[in-house]
Amino acid sequence: MKDQFQRKIDYLRISVTDRCNLRCKYCMPVEGVQWMPHESILSFEEILRLMRISTQLGFRRFRITGGEPLVRKGILEFLRESAKIPGVEDLMITTNGLLLPEMAFDLKAAGVQRVNISLDTLDPERFLDITRGGDVATVVQGVFRSLEAGLNPVKINVVVVRGFNTDELPNFLTLAKQYPLHVRFIELMPIGISSEHRADFVPIQEMKEILGLEEYVPTHDILGGGPAEYIQPKGFKGSIGFISAMSRHFCDTCNRVRLTADGKLRPCLHSKHEVSLRDVLRNGTADEDIMELFAQAVWHKPAEHHMNDEALQGRRVMSQIGG
Ligand code: SAM
């Protein structure tokens, strides 16, 4: 379907949980976050119902995220059922990769086509530090397991933070050169806890200078119609992508809406506007009426976000919004 600004909206990002098995410093405050009560989290049946409804509105692409989606019990069965819904053409997952060594083949068998893995550093000490306890070797193993399983493309998301991983950008470049991996460098967004770290923001232009790639002319996303610009230098098996939500935002081509784990439809990640669908899912409302609410929320998707003017304040973090 189209929104009021004639953008074609066909991509739904679904957060299936706010729980995570990591505690990344830029994502979660040190004191932790208040988890959503279990009863407010949508059941898989409820999510599947919304997916069916959304396909009738023309949604075709679905990304399952969180929190960490792979920690939710029953996720494989849910993915199998999702893949069977007529109209679901692209089923993807965003994960921190910790559970991929044991799950990559099962994900592929369940009908997941591709995977995005968040990996901000290749250094074991730094990874341990930024994730407050994670093991980078397991994630790296998960990356290669995903390639073996035939998930395609496998994308690596690297949030670039000044003074933390800027010196590692060339190592990630080497990874994309040697393997069919699509490494995307992402600008740090001032969301929740990260809004306190604006000085750590590194613009795309500076990343390109660090990598010696400022002369390359990027093409738009060749791998899924998303906001990244990709570069594939000669001899590379993979590619390098840049995602700039801040210095060059891509609202005019934004094609997505988000569903939070507790059933709120957010037409824009960076706007506080949201429509709760949980109650109507639970009070006997008919599919046609839910579809109408869904369509109205999409129609009212804001023209653009205002992160540059005003950070999203409060303690809501990516895992709660649906990163
Ligand atoms: N647990 C999954 C994972 O790690 O990919 C999915 C959820 S996680 C919140 C989704 C992505 O959001 C990760 O790649 C993470 O690095 C990114 N993220 C979190 N906070 C961010 C911020 N302030 N700016 C940019 N990206 C952020």
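**Entry 1**

I began with strand β11 (residues 264-266), which is joined to β10 by two bridges, the two strands running antiparallel. I note that the model is predicted, that local features need pLDDT of at least 70, that side-chain atom pairs count only at pLDDT 80 or more, and that totals for chains, interfaces and linings use all residues. Residues are numbered from 1 along each chain as its sequence is written, and side-chain values use heavy atoms, with hydrogens and water left out.

For the terms, I took helices (H or I, at least four residues) and strands (E, at least two) as DSSP runs numbered from the N terminus. I counted two strands as paired if DSSP finds at least two bridges between them.

Leu265 of β11 is the bridge partner of Leu259. Four residues lie between β10 and β11 in this hairpin, and in the turn I found Gly263 with a positive phi of about 85 degrees.

I then looked up Asp262, which is in the loop between β10 and β11. Is Asp262 buried or exposed? Asp262 is buried, because its relative accessible area is 8%; buried means under 20% relative accessible area, exposed over 50%, and partly exposed in between (1.4 Å probe, protein chains only). The side chain of Asp262 makes a polar contact with that of Thr260 at 2.5 Å, and another, of 3.1 Å, with the side chain of Lys264. A polar contact is a pair of N or O atoms within 3.5 Å; within protein, one must be able to donate a hydrogen and the other to accept it, and residues adjacent in sequence count only if both atoms are side-chain atoms. Beyond the neighbours within four places in sequence, Asp262 is in contact (heavy atoms within 4.5 Å) with Met36, Ser40, Ile41, Leu42 and Arg278.

**Entry 1: the other partner of β10**

On strand β10 (residues 256-259), I found Arg256 and Arg258 pointing one way and Val257 and Leu259 the other, all of them buried. In a regular strand the side chains alternate between the two faces of the sheet. Strand β1 (residues 11-15) pairs with β10 in the parallel sense over four bridges. Within that pairing, Val257 of β10 is the bridge partner of Leu12.

Which residues of helix α7 (residues 204-211) are buried? I listed Ile204, Met207, Lys208 and Leu211. They lie on the same side of α7 because they cover an arc of only 100 degrees around the axis, the arc being that of the directions from the helix axis to the C-beta atoms. An α-helix has 3.6 residues a turn, so residues three or four places apart point the same way. The cover over these buried residues includes β5 (154-160), α6 (169-178), β6 (181-187), β8 (229-231) and β9 (239-243). Just after α7, Gly212 has a positive phi of about 70 degrees.

Next I looked up the largest nonpolar core, which has 95 residues. Such a core is a set of buried Ala, Val, Leu, Ile, Met, Phe, Trp, Tyr and Cys residues joined through side-chain atoms within 4.5 Å. Phe78, Leu79 and Phe185 have the most contacts inside this core. Leaving aside neighbours within four places in sequence, the contacts of Phe185 include Ile204, Met207 and Leu211, as well as Val158, Phe172 and Phe242.

**Entry 2: helix α2**

In helix α2 (residues 75-84), I found Ile75, Leu76, Phe78, Leu79 and Ser82 buried. Their arc around the axis is only 155 degrees, which puts them on the same side of α2. They pack against α1 (44-56), β2 (61-65), β3 (90-95) and α3 (100-110).

**Entry 3: Thr166**

I located Thr166 in the loop between β5 and α6. Thr166 counts as buried at 17% relative accessibility. The side chain of Thr166 reaches the backbone nitrogen of Gly163 at 3.5 Å.

**Entry 4: cysteines**

How many disulfides does a search of the whole structure find? It finds zero, where a disulfide is a pair of cysteine sulfur atoms within 2.5 Å. Cys27 is in no disulfide, and the nearest cysteine sulfur, in Cys24, is 6.3 Å away. The sulfur of Cys268 is too far for a bond, because the closest cysteine sulfur, in Cys251, is 6.3 Å from it. Cys27 counts as buried at 17% relative accessibility, and Cys268 as buried at 11%.
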